[in-house]
Amino acid sequence: MLSHEPRPDELMNTQVMRLLSGVSVHGDQHLAEVERDLVQMDALLSEAIKKLCTSFMAIHQAIDLQQETLKGMLSTEKTAPEQAARLEALREEIGQHVGAAVTGLQFQDMTSQLIGRMVQHLAGLRDVFGALGTKGSADLPESGSEEMLAMLNHISDRVGARCTELAGTVRSTVNQRHMESGDIELF
Amino acid sequence: MTKTILAVDDSGSLRQMLAFSLKAAGYGVIEAVDGQDGLNKAKQQTVDLVLTDQNMPGMDGLSLIRALRAMKNYQSVPILMLTTESGDDIKAMGRAAGANGWLVKPFDPARLNEVVKKLIG
């Protein structure tokens, strides 16, 4: 029995399909890893901000009580004016730091939106990689470059459609590049 | 009498910082986790000012403003948008929906309280 030697065009078809499948499978695997890490990072940031906010509130409350106690102590004794002035200056300084901390503690609102957008992009890219893949040997044209060309066109259309869908759904909502407080405009 | 502010934001930490800043300035604060929750709470009690985020699951800030402006008792209540977005197009949409002002996140508590004081005293 004579064994069938694959023709060059059949070999080419097999190689192209193997390449597409490889890109699809490996691309999907790596994007899934990145997606998992981003979701984990979002969860860690979320937990961290909860702890930070709780500690911030507790510290602020303790400082308030401390200030009240000091004020009470100073009012019952003969206080040097410079001590009262120093206490007032400290109160103002603490107030400024508290204000800056409140601005800084808003980071998670922005980072979670950015991470959410990245995850959406990754999901969309995984979809694109999925469109690159083939269902296996059933999809492989038996011979001829025309069939192969038609198949590549079909894959290309699927990839293009996924990319268009992705571009339309993921709008950028965070353009801040620093944590300075934002503009205020009254209409 | 204490003025009450409805703070609508899906971020827990942001709501916490808003409530902290506004309460420190002497205002009462009602928190809502999204537009729909905000609308429900606004129906239960007419507040003196509404501060809302734009991008929230379910009902967004613009939809909330439109829904509030359609209610008789919210036609003149000041509504401020507090959001990460700062584009002219979306600001124009906010203005058309009935917002009285636009604050870009992150907010500075002192500046926020100045604006609130200017609007409701």
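User: How many helices and strands are in chain B?
Analyst: In this predicted model, chain B has 5 helices and 5 strands.

User: And what pattern does chain B follow along the sequence?
Analyst: Chain B reads β-α-β-α-β-α-β-α-β-α along the sequence.

User: What is the radius of gyration of chain B, and what would a compact globule have?
Analyst: Chain B has a radius of gyration of 13 Å. A compact globule with 121 residues would be near 14 Å, so the value for chain B agrees. The C-alpha atoms of chain B fill a box of roughly 30 × 30 × 25 Å along the principal axes.

User: How much of chain B counts as buried?
Analyst: 49% of the 121 residues of chain B count as buried. As for contacts in chain B with a separation of 6 or more, 58% come from residues 24 or more positions apart.

User: Now chain A. What does its secondary structure come to?
Analyst: Chain A has 4 helices and 1 strand, in the pattern α-α-α-α-β along the sequence. The radius of gyration of chain A is 31 Å, while the globule rule gives 16 Å for 187 residues, so chain A is more spread out than a compact globule.

User: What does the C-alpha trace of chain A span?
Analyst: The trace spans about 115 × 45 × 20 Å along the principal axes of chain A.

User: And how many of the residues of chain A count as buried?
Analyst: Of the 187 residues of chain A, 10% are buried. Among contacts in chain A between residues at least 6 apart in sequence, 90% join residues at least 24 apart.

User: Pick a residue in helix α1 of chain A. Where does Glu35(A) lie, say?
Analyst: Glu35(A) is in helix α1 of chain A, which covers residues 8-76.

User: Which residues is Glu35(A) in contact with, leaving aside neighbours within four places in sequence?
Analyst: Those are Val119(A) and Leu122(A). As for Val170(A), which is 135 residues from Glu35(A) along the chain, the two C-alpha atoms are separated by 16 Å.

User: On to the two chains together. How many residues of chain B are in contact with chain A?
Analyst: 26 residues of chain B are in contact with 25 residues of chain A. On the chain B side, the elements giving two or more residues are α1 (12-24), β5 (101-104) and α5 (109-120).

User: Which of them gives the most?
Analyst: α1(B) does, with 6 residues on the side that touches chain A. That side of chain B divides into 12 nonpolar, 9 polar and 5 charged residues.

User: Which strand of chain A is joined to β5(B), and how do they run?
Analyst: Strand β1 of chain A, residues 184-186, is joined to β5(B) by 3 bridges, and the two run antiparallel. In one of the residue pairings, Ile184(A) has Leu103(B) in β5(B) as its bridge partner.

User: What holds paired strands together in general?
Analyst: Strands of a sheet pair through backbone hydrogen bonds, in a parallel or an antiparallel sense.

User: What is the order of the strands in the sheet?
Analyst: The open sheet has 6 strands in the order β1(A)-β5(B)-β4(B)-β3(B)-β1(B)-β2(B), with mixed pairing. β1 of chain A and β2 (28-32) of chain B are the edge strands, as each pairs on one side only. On average, neighbouring strands of the sheet are turned by 15° against each other, direction ignored.

User: In what sense do β4(B) and β5(B) pair?
Analyst: Strand β4 of chain B, residues 79-83, pairs with β5(B) in the parallel sense over 4 bridges. Leu80(B) stands opposite Gly101(B) of β5(B).

User: Which residues does the cis peptide bond join?
Analyst: The cis bond joins Lys105(B) and Pro106(B), with omega about -5°. Pro106(B) sits in the loop between β5 and α5 of chain B.

User: Last topic, confidence. What pLDDT does chain B average?
Analyst: Chain B averages 94, and 100% of its residues score at least 70. Chain A averages 83, with 91% of its residues scoring at least 70.

User: Where in chain A is confidence lowest, and where highest?
Analyst: Helix α4 of chain A, residues 145-169, is lowest at a mean of 80, and β1(A) is highest at 90.

User: What ipTM and pTM does the model score?
Analyst: The ipTM is 0.86 and the pTM is 0.82.

Methods:
Residues are numbered from 1 along each chain as its sequence is written. Chains are lettered from A and ligands numbered from 1 in the order in which they are written. This is a predicted model: local features need pLDDT of at least 70, side-chain atom pairs count only at pLDDT 80 or more; totals for chains, interfaces and linings use all residues. The radius of gyration is taken over C-alpha atoms; the globule rule is 2.2 Å times the number of residues to the power 0.38. A residue is buried if 20 or more other C-beta atoms lie within 10 Å of its own, exposed if 12 or fewer, and partly exposed in between; C-beta atoms are placed from the backbone. Two residues are in contact if their C-beta atoms, placed from the backbone, lie within 7 Å. Ala, Val, Leu, Ile, Met, Phe, Trp, Tyr, Cys and Pro count as nonpolar, Asp, Glu, Lys and Arg as charged, and the others, Gly among them, as polar. Two strands pair if DSSP finds at least two bridges between them. Axes are lines fitted to C-alpha atoms, for helices over the stretch in contact, and angles run from 0 to 180 degrees between N-to-C directions. pLDDT is the predictor's confidence in each residue, from 0 to 100.
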